[in-house]
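Subject: Structure handover

Dear colleague,

Please find the structure below, followed by some notes on what was found in it.

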Amino acid sequence: MVRSSRGGASPGTWRREPGTVVRRAAAVPEQATAPFVIFAGSRVPRVPTEWTPHSHPVHELVWVRGGTLTSRVGDRVFTVSEGHGLWMPAGVLHGGRATAGAEFHDAFFAPDRTPFAFEEPIAIAMTPVLESLLTHLSRTDLDGAARARAESVVFDVLQPSERQFALQLPGDARIDAIAEALLDDPADCRSLDEWARALGISDRTVTRAFRHATGLSFAQWRQALRVHRALMLLSEGVDVQTVSESLGYAQPSTFIAAFRRVMGTTPGAYFDATDGTPDGVRNPVSGVQNS
């Protein structure tokens with residue numbers, strides 16, 4: 001099933017881009033269950049693509065090059081950019097979205113033959129070695145011995161990323177309207193007092209609700225949300241100044257400081273560290289003054 005969306009908010013995720021195609025997840029390839037332990041593949045969505053909530057009977061590792069991938073799992077939104085992947089355990093209900101033109105990769109792991117278990121979705125460090133091995137395993141002409149050797153090395157090098165990219169949504173009816181509005185428009189600059197008045201509750205109630213549901217203050221949570229959105233925009237080639245303006249920051253330096261507080265580094269340093277950009281494709285944040 002495929003349908004096109006002209007926009008509008010998808011509950012609990014970012015506003016859909018015009019022209020987004022919404023798909024049901026394809027069936028897991030038969031090779032992903034037997035005789036292989038790992039089955040890998042790739043494709044390039046020509047338009048922004050969203051997959052409706054689904055689960056798989058096998059573990060799944062997804063990653064992209066030249067864009068970003070977001071996934072909604074319960075009350076969490078995961079945003080992974082180049083250099084990172086997302087491990088989805090078997091049976092976990094999730095939806096996903098990839099940006100147009102991103103090189104989308106996935107690998108399926110047979111649960112009964114995978115010698116480790118991540119019980120929750122988790123960001124994975126997509127090192128060059130790991131990516132090369134999984135690309136190698138996407139071949140259909142490997143004999144059993146060659147495949148077994150490559151799979152054993154995958155199990156040795158596959159590790160969680162030092163950075164995790166989960167944005168905790170409140171899941172509290174008193175403040176869910178704030179979360180949905182900010183997902184729809186991260187530049188919404190309404191203050192805590194303004195939101196409390198709009199919802200007809202006290203600012204202390206809003207403060208306590210955010211702390212209890214997300215572990216962050218309202219201001220910290222909005223900042224984290226904006227940085228998640230920034231990861232998507234920067235990966236798509238949008239420059240820092242435009243990202244800053246689109247997220248409601250008065251100055252790029254203010255945005256860079258906020259990015260540093262959430263990610264522990266500046267946008268330029270972050271993308272330099274994870275830069276796998278193909279030759280001839282400009283890194284939109286390289287060369288930016290990050291002082």
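S71 stands opposite G96 in β9, and this strand β9 (residues 94-98) is joined to β6 by four bridges, the two running antiparallel. Strands, like helices, are DSSP runs numbered from the N terminus, with at least two residues (E) for a strand and at least four (H or I) for a helix, and two strands pair if DSSP finds at least two bridges between them. Please keep in mind that this is a predicted model, in which local features need pLDDT of at least 70 and side-chain atom pairs count only at pLDDT 80 or more, while totals for chains, interfaces and linings use all residues. Residues are numbered from 1 along each chain as its sequence is written, and side-chain values use heavy atoms, with hydrogens and water left out.

Strand β6 (residues 68-73) also pairs with strand β7 (residues 76-81), in the antiparallel sense and over six bridges, and here T68 stands opposite S81. The hairpin of β6 and β7 has two residues between the strands, and G74 takes a positive phi near 60° in it. Five of the six residues of β6 are buried, where buried means under 20% relative accessible area, exposed means over 50%, and partly exposed lies in between (1.4 Å probe, protein chains only).

There is also an open sheet of five strands, in the order β3-β10-β5-β8-β11, with antiparallel pairing. Because β3 (38-43) and β11 (122-125) stand at the edges, each with a single partner strand, one side of each is left without a neighbour in the sheet. Neighbouring strands of this sheet are turned by 25° against each other on average, direction ignored. Helix α2 (residues 144-157) packs on the sheet and touches β3 and β10 (103-109), with its direction at about 80° to that of β3; contact means heavy atoms within 4.5 Å, and axes are lines fitted to C-alpha atoms, for helices over the stretch in contact, with angles running from 0 to 180 degrees between N-to-C directions. Within the sheet, four bridges join β5 (residues 59-65) to β8 (residues 84-88), and W63 stands opposite G85 in β8.

The structure holds 13 aromatic pairs, that is, rings of Phe, Tyr and Trp (its six-membered ring) with centres within 6.5 Å, counted as stacked if the planes are under 30 degrees apart, edge-to-face if over 60, and tilted for the rest. F210 and W221 form a tilted pair, at 5.5 Å centre to centre and 50° between the planes; F210 lies in helix α5 (residues 203-214) and W221 in helix α6 (residues 218-235), and both are buried. The ring centres of Y270 and F271 are 5.0 Å apart and their planes are at 85°, so this pair is edge-to-face. Y270 is buried, with a relative accessible area of 1%, and F271 counts as buried at 8%.

Which residues have the most contacts inside the largest nonpolar core? They are L234, F255 and F259, in a core of 31 residues, a nonpolar core being a set of buried Ala, Val, Leu, Ile, Met, Phe, Trp, Tyr and Cys residues joined through side-chain atoms within 4.5 Å. Among the elements that give two or more residues to this core are β6, β7 and α6. Apart from it lies another core, of 23 residues, including F116 and L133.

With best wishes
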